[in-house]
Amino acid sequence: MSDAVLNQFTPQSHEEDTVDVTRRLRFGIIGTGWIAESHIESLKKMPDVDIVAGADLIPGKAEKFFKRYEVPGVHCYPDHKSMLENEKLDAVCVCTYNMTHAECTIDALDAGVNVLLEKPMTVTTEEAVEIIRAERRSGKLLSIGFQPRMDENMKMIKKIVESGELGKIYYIQTGGGRRRGIPNSTFIEEKTAGIGALGDIGCYALDMVLNAIGYPKPLTVSGYRSAYFGPNPKYNNPADAARFNVDDFAAAFIRLEGDIVLDFRIAWAMHIDTPGDTIILGTEGALRIPSTECWNGTVGGPMKLYRDVAGNQVEFEIPLSEQKDSFGGLFYLKLRSFADAIKNGGQPPVPSSQILYNQAIIDGIVKSAKIGHEIEISIPEI
Ligand SMILES: NC(=O)c1ccc[n+]([C@@H]2O[C@H](COP(=O)([O-])OP(=O)(O)OC[C@H]3O[C@@H](n4cnc5c(N)ncnc54)[C@H](O)[C@@H]3O)[C@@H](O)[C@H]2O)c1
């Protein structure tokens with residue numbers, strides 16, 4: 001991964017709000033790989049959180065991880081099941097690769113533990129449904145790890161839509177990506193990631209716009225997936241190219257409830273810098289959101305709102321909002337809001353009921369791409 005991408009997750013210092021330290025939360029971390037670093041950095045800043053357990057399938061990895069982060073006394077386990085059996089926890093962060101999201105989350109919920117699950121929610125719609133069933137039978141809190149939800153500019157997109165300035169929304173173009181930015185590690189193999197760019201960064205683009213418009217139900221999808229860069233040693237390092245077997249590009253045309261269409265494309269690599277800005281078209285106005293490499297943080301620049309005013313076609317620039325904190329701060333806020341919801345009996349900051357539709361679109365793209373034509377998106381009863 002490039003430094004530019006990694007640095008986005010470097011935690012910044014954060015002024016701790018007043019926190020009730022008399023009620024403490026016992027946290028565990030499942031999967032002590034790359035993203036667990038951002039989780040532990042954030043958890044360490046919370047005066048009411050004790051990091052007491054961790055698990056990783058790779059022998060010795062969890063032990064080294066907690067030593068590196070100077071968190072003493074953490075009980076380490078060779079898998080999530082033994083950790084859940086032996087520890088009394090309030091919450092876990094599921095930081096495993098996508099293919100084990102479902103089993104780790106379901107087992108944790110069934111053990112009576114609140115879960116913060118990293119994005120994408122999982123790989124298939126069926127797994128997402130099983131997760132939500134476990135959430136319901138456990139009565140525990142489940143939040144999905146979309147830190148851009150905490151970003152002030154991302155929040156502004158939703159505020160603009162909800163203000164009615166755009167009128168009725170009928171068309172959205174979203175997605176994004178980069179000319180070259182293929183990750184490596186466990187992201188590029190089906191046995192660990194399940195899906196490629198589509199799941200990794202596609203889920204962010206979908207969440208940005210679907211959250212803004214209130215997550216209408218997806219109805220149909222015509223999807224496409226390809227991998228012309230990842231497996232090609234001309235564009236990827238030969239060792240990674242040899243094991244690459246997920247998508248590096250995906251596109252889709254999705255119909256949503258409420259007569260809205262969503263035109264989507266996402267790329268880890270392509271022969272252009274961006275497949276376009278995100279645009280939201282409404283009957284009264286339109287919004288342009290400058291593209292970024294992957295929408296995992298904030299917007300790519302000031303947004304523009306287009307309206308007719310007294311017969312004139314005008315454009316307004318929406319000034320970028322000051323961040324309460326920068327990228328590391330978004331991670332902190334994602335974890336803090338989850339911890340606060342546990343303590344205060346609040347709602348999950350990013351509810352599974354919404355992200356189910358995100359997952360159903362991703363899974364619909366996979367299924368439609370496989371058979372080469374449009375399909376209905378079907379979501380099992382929960
Ligand atoms: N929110 C973000 O900005 C962001 C950024 C990067 C990655 N992610 C997500 O985080 C997840 C992990 O990514 P990563 O880069 O850290 O992967 P990684 O491969 O570096 O780490 C995953 C770890 O999980 C462990 N693991 C898998 N199954 C396990 C199990 N059942 N019990 C215990 N350990 C298990 C693996 O051994 C591995 O060490 C992915 O789903 C990814 O999409 C989120």
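**Fold, domains and ligand shell of the predicted chain**

Y215 counts as buried, with 20 C-beta neighbours inside 10 Å; a residue is buried if 20 or more other C-beta atoms, placed from the backbone, lie within 10 Å of its own, exposed if 12 or fewer, and partly exposed in between. The structure is a predicted model, in which local features need pLDDT of at least 70 and side-chain atom pairs count only at pLDDT 80 or more, whereas totals for chains, interfaces and linings use all residues. Residues are numbered from 1 along each chain as its sequence is written.

Y215 is found in the loop between α10 (202-212) and β8 (218-226), and its phi is near 50°, a positive value in a residue other than glycine. A positive phi, near 55°, also occurs at E70, a residue of the loop between α3 (61-68) and β3 (75-77). E70 is exposed, with 8 other C-beta atoms within 10 Å. The peptide bond between K119 and P120 is cis, with omega about -15°, and P120 is placed in the loop between β5 (114-118) and α6. Most residues other than glycine have a negative phi, and most peptide bonds are trans.

The chain contains 13 helices and 15 strands; helices (H or I, at least four residues) and strands (E, at least two) are DSSP runs, numbered from the N terminus. Its radius of gyration is 21 Å, which agrees with the value near 21 Å for a compact globule of 382 residues; this radius is taken over C-alpha atoms, and the globule rule is 2.2 Å times the number of residues to the power 0.38. Along the principal axes, the C-alpha atoms fill a box of roughly 65 × 50 × 45 Å. Of the 382 residues, 51% count as buried. Two residues are in contact if their C-beta atoms, placed from the backbone, lie within 7 Å. Among contacts between residues at least 6 apart in sequence, 73% join residues at least 24 apart.

The domain assignment, automatic or taken from a database, gives domain 1 (3-148 + 328-351) and domain 2 (149-323 + 359-376). Their centres, taken over C-alpha atoms, are separated by 26 Å. In domain 1, 22 residues are in contact with 24 residues of domain 2. On the side of domain 1 that touches domain 2, α12 gives the most, with four residues. This side consists of 13 nonpolar, seven polar and two charged residues, where Ala, Val, Leu, Ile, Met, Phe, Trp, Tyr, Cys and Pro count as nonpolar, Asp, Glu, Lys and Arg as charged, and the others, Gly among them, as polar.

Beyond its neighbours within four places in sequence, V115 is in contact with V92, V94, T105, A108, L109 and L142.

The ligand is surrounded by 28 residues, the closest being G31, G33, W34, T96 and T186; a residue is near a molecule if its C-beta atom, placed from the backbone, lies within 6 Å of it. Helix α2 (residues 34-44) supplies the largest share of this shell, three residues. The shell comprises 10 nonpolar, 12 polar and six charged residues, and draws at least three residues from each of domain 1 and domain 2.
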